[in-house]
Amino acid sequence: MTRAFGGLGSGLLRWTSLRLRLVAVFAAVALTAAVSVSGIAYWLNRDAVLTRAQNSALNDFRDALQRDAASLPLIPTCESLNNAATRIGGPDTYQVVLIDTTPDNAPCAAPSNRDAFTLDDVPQSLQRAVNTRHAKDDNKYHLHWERISLQGHPYLVAGARINGDGPTGYMLKSLDAERKDLNSLAWSLGIATLLALVGSALLAQAAGSTVLRPVRRLGEAAQRLGEGHLDTRLKVSGTDELAEMSRTFNNAAEALETRVEELSAREAASRRFVADMSHELRTPLTAITAVTDVLEDEAEALDPMIAPAVRLVVSETRRLNELVETLMEVTRFDAGTAKLRVDEVDVADMVMACMDARAWLDSVELDAPRGILATLDPRRLDVIMANLIGNALKHGGSPVKVALRAEGGADGEIVIEVSDHGPGIPEDVLPHVFDRFYKADASRARSEGSGLGLSIAMENAHIHGGDITAANAPGGGAVFTLRLPVRPRSEDADDSGNGTDGGAFPGSGEVR
């Protein structure tokens with residue numbers, strides 16, 4: 001049954017997700033635009049507010065000077081200057097200082113409020129500008145101004161000298177009200193920028209949900225397809241590019257499912273053919289083996305011209321018999337019908353029995369302390385050790401050493417290392433030593449080994465839940481390391497303790 005895949009998956013955003021990057025891009029664009037607009041608006045409004053306040057104060061100050069200071073006597077007294085300053089300045093407008101020379105030639109600086117504004121508060125640069133004579137006297141006086149800060153507060157200070165020998169006047173106006181207005185404007189623009197940023201994030205989230213949902217569904221569907229769910233399909237809606245991509249995925253998945261079904265059918269047929277062929281060969285091989293046993297017993301009494309041929313027939317018959325048994329074991333692994341017949345055994349005794357049955361005790365150094373118990377299939381362990389030790393004796397160099405140890409306690413694993421002192425395994429061969437029918441020397445297509453021994457050993461290790469690795473020792477020679485759990489996987493174990501699903505295979509695959 002075909003599965004239509006449309007789940008949204010986890011809602012959590014990863015730092016590397018496309019959705020988060022989309023939100024970040026939207027936020028960056030919105031933030032840049034909002035900051036730019038807010039900055040321009042702030043500076044335009046700031047200039048307008050300050051210019052309006054400045055022009056209003058300067059025009060009023062100019063009118064007051066023209067109205068009050070210009071009407072003073074040619075040589076005013078300090079009292080008249082003080083009265084004029086008081087009339088011009090005030091706490092609600094601005095403060096004023098009038099400067100002139102009294103009749104007794106003494107300078108007089110008359111402030112409207114001595115505590116609020118004095119001549120010392122006027123910048124020297126402004127005083128110099130006010131006291132500078134101009135070439136043209138088309139106005140009664142010249143007005144100059146500056147913006148300053150006194151004790152952390154903004155002020156507008158201006159000054160003018162009445163043309164001729166009239167008094168000089170300075171005014172000081174607070175810009176605190178304008179600063180408060182501008183601060184309020186800045187806060188408003190900042191809040192607007194933040195709202196724009198939040199709005200852009202929500203917009204990006206909505207866009208991501210619309211655009212990225214089909215992409216995420218496609219990714220999850222591809223993951224399920226890679227996990228072997230070949231019936232995975234995507235729901236297709238619309239006519240846009242994403243819908244076309246979904247249709248393409250569905251077509252590819254359908255073609256893949258069809259192809260895999262075809263290959264699976266061919267593989268199943270091949271396995272059945274090998275199994276049937278091996279089964280059918282066992283009956284004539286049994287008869288041939290019986291005949292060859294008789295011929296072997298009578299080989300010494302045969303004609304010397306015939307005896308070599310008889311021995312060759314006996315040898316090849318036994319080799320063919322082992323090959324058929326090996327092929328039957330391979331078909332069991334491929335079909336998934338191979339089972340463990342487990343028993344708790346002393347691993348050292350099992351290894352020694354394997355070597356003794358093949359007369360290897362004098363050729364192998366054994367370092368296997370007794371008392372290491374494990375629950376495993378004795379026959380399959382015999383197959384593994386026969387292949388590993390036989391491979392080392394055949395292709396390695398003496399001495400061959402077998403070392404046994406336990407790791408991890410009762411729930412750990414047993415480790416068996418088979419090492420030799422031969423030339424080692426070529427680096428280009430190491431990845432293929434456990435491949436079926438692989439031989440390092442392609443010219444030795446016909447040799448004593450079938451090329452299946454090490455692959456059978458690996459399969460027997462896997463069915464225990466273990467593994468075999470091959471490497472070259474630093475000092476020379478090859479090292480095969482077998483790791484088996486002390487207790488096998490329960491689903492592969494059969495504790496019946498009797499019966500077998502195949503014979504033993506003492507032969508080793510040629511890999512070097």
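**Terms and values in a predicted model**

Me: Why does phenylalanine 480 count as buried?

Reply: The relative accessibility of phenylalanine 480 is 1%. Buried means under 20% relative accessible area, exposed means over 50%, and partly exposed lies in between (1.4 Å probe, protein chains only). Phenylalanine 480 is therefore classed as buried. The model is predicted, and local features need pLDDT of at least 70, side-chain atom pairs count only at pLDDT 80 or more, and totals for chains, interfaces and linings use all residues. Residues are numbered from 1 along each chain as its sequence is written, and side-chain values use heavy atoms, with hydrogens and water left out.

Me: How many aromatic pairs are there, and what makes the pair of tyrosine 42 and tryptophan 43 edge-to-face?

Reply: The count is 3 aromatic pairs. Tyrosine 42 and tryptophan 43 have ring centres 5.7 Å apart and planes at 80°. Rings of Phe, Tyr and Trp (its six-membered ring) pair if their centres lie within 6.5 Å; planes under 30 degrees apart are stacked, over 60 edge-to-face, and the rest tilted.

Me: Are tyrosine 42 and tryptophan 43 buried, partly exposed or exposed?

Reply: Tyrosine 42 has 21% relative accessibility and so counts as partly exposed. Tryptophan 43, with a relative accessible area of 54%, is exposed.

Me: What makes the pair of phenylalanine 434 and phenylalanine 480 edge-to-face, and which parts of the chain does the pair link?

Reply: The centres of phenylalanine 434 and phenylalanine 480 are 6.1 Å apart and the planes stand at 90°. The pair joins distant parts of the chain, 46 residues apart: phenylalanine 434 belongs to the loop between strand 13 and helix 9, phenylalanine 480 to strand 15. Helices (H or I, at least four residues) and strands (E, at least two) are DSSP runs, numbered from the N terminus. Phenylalanine 434 is buried because its relative accessible area is 17%.

Me: How do you know that arginine 358 lies over the face of tryptophan 360?

Reply: Arginine 358 is placed at 5.9 Å from the ring centre of tryptophan 360. A charge sits over a ring if NZ of Lys or CZ of Arg is within 6 Å of the ring centre and within 35 degrees of the ring normal. Arginine 358 is accordingly reported over the face of tryptophan 360.

Me: Which residues of helix 2 are buried, and what puts them on the same side?

Reply: In helix 2 (residues 78-88), the buried residues are Ser80, Leu81, Ala84, Ala85 and Ile88. They cover an arc of only 135° around the axis, and so lie on the same side of helix 2. The arc is that of the directions from the helix axis to the C-beta atoms. An α-helix has 3.6 residues a turn, so residues three or four places apart point the same way.

Me: What makes strand 10 and strand 14 the edge strands of the open sheet?

Reply: The sheet has 5 strands in the order 10-12-13-15-14, with mixed pairing. Strand 10 and strand 14 (467-472) each pair on one side only. Two strands pair if DSSP finds at least two bridges between them. Strand 10 and strand 12 (residues 400-407) run parallel, joined by 4 bridges, and therefore qualify as paired.

Me: How does helix 8 run relative to strand 15, and which strands does helix 9 touch?

Reply: Helix 8 (residues 378-395) lies across strands including strand 10 and strand 12, and runs at about 170° to strand 15 (478-485). Axes are lines fitted to C-alpha atoms, for helices over the stretch in contact, and angles run from 0 to 180 degrees between N-to-C directions. Helix 9 (residues 453-463) packs on the sheet, touching strand 14 and strand 15, and its direction makes about 135° with that of strand 14. Contact means heavy atoms within 4.5 Å.

Me: Why is helix 9 called mostly covered?

Reply: Of the 11 residues of helix 9, 9 are buried. Among them are Leu454, Ile456, Met458 and Ile463. Glycine 465, which follows helix 9, has a positive phi near 90°.

Me: What makes strand 2 and strand 6 a pair, and how many residues of strand 2 are buried?

Reply: Strand 2 and strand 6 (residues 168-174) share 5 bridges in the antiparallel sense. In strand 2 (residues 95-101), 5 of the 7 residues are buried. Isoleucine 99 stands opposite threonine 168 in strand 6.
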